[in-house]
Amino acid sequence: QEQLVESGGGLVQPGGSLRLSCAASGFVFSVYDMSWYRQAPGKERELVATIAYAGNSTNYADSVKGRFTISRDNAKNTVTLQMNSLNSEDTAVYYCNGRHFVRSNIEYWGRGTQVTVSS
């Protein structure tokens with residue numbers, strides 16, 4: 001069964017850092033573009049960062065450029081999101097997403113992990 005499981009969320013003070021991880025199983029991870037999305041209370045889900053299936057291309061939302069870094073390990077079937085200089089606007093549930101790099105209608109979602117930035 002296809003599965004994405006996020007971990008690493010929690011409470012952090014403004015200016016702090018967190019590292020989110022997503023473990024994939026049940027599908028061929030290396031042919032999926034992987035992304036992190038987030039959804040804050042009362043807001044729509046938004047794309048945060050994407051890394052191509054081969055790991056040779058990344059894209060970021062303007063709001064996180066220079067602060068967040070997405071990476072992947074195709075040998076370990078994991079994708080991570082390093083988040084630095086966090087602020088209150090980063091508070092959200094963060095979701096891991098995998099989308100087949102050719103058949104984009106095939107995608108999987110994790111259940112999300114809460115990130116709260118507060119003093």
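Strands here are DSSP runs of at least two residues, numbered from the N terminus. All views come from a predicted model.

**View 1. Asp90 sits in a loop between two strands.** Is Asp90 buried or exposed? With a relative accessible area of 1%, Asp90 falls under the 20% cut-off, so Asp90 counts as buried. Setting aside neighbours within four places in sequence, the residues in contact with Asp90 are Arg38, Arg67, Phe68, Ser85, Val115 and Val117.

**View 2. A disulfide joins Cys22 to Cys96.** A disulfide is a covalent bond between the sulfur atoms of two cysteines. The model has 1 disulfide, and the S to S distance between Cys22 and Cys96 is 2.1 Å. This pair ties together distant parts of the chain: Cys22 belongs to strand E3 (residues 18–25) and Cys96 to strand E9, 74 residues apart. The torsion about the S-S bond of Cys22 and Cys96 is about -85 degrees, so the disulfide is left-handed. Both Cys22 and Cys96 are buried.

**View 3. An open sheet is built from 4 strands.** Follow the strands in the order E1-E3-E8-E7, with antiparallel pairing. Strand E1 (3–7) and strand E7 (68–73) are the edge strands, each pairing on one side only. From one strand to the next, the twist averages 15 degrees.

**View 4. E1 and E3 pair in the antiparallel sense.** The two strands are joined over 5 bridges. Which residue in E3 is the bridge partner of Gln3? That partner is Ser25.

Conventions. Residues are numbered from 1 along each chain as its sequence is written. This is a predicted model: local features need pLDDT of at least 70, side-chain atom pairs count only at pLDDT 80 or more; totals for chains, interfaces and linings use all residues. Side-chain values use heavy atoms; hydrogens and water are left out. Buried means under 20% relative accessible area, exposed over 50%, partly exposed in between (1.4 Å probe, protein chains only). Contact means heavy atoms within 4.5 Å. A disulfide is a pair of cysteine sulfur atoms within 2.5 Å. Two strands pair if DSSP finds at least two bridges between them. Axes are lines fitted to C-alpha atoms, for helices over the stretch in contact, and angles run from 0 to 180 degrees between N-to-C directions.
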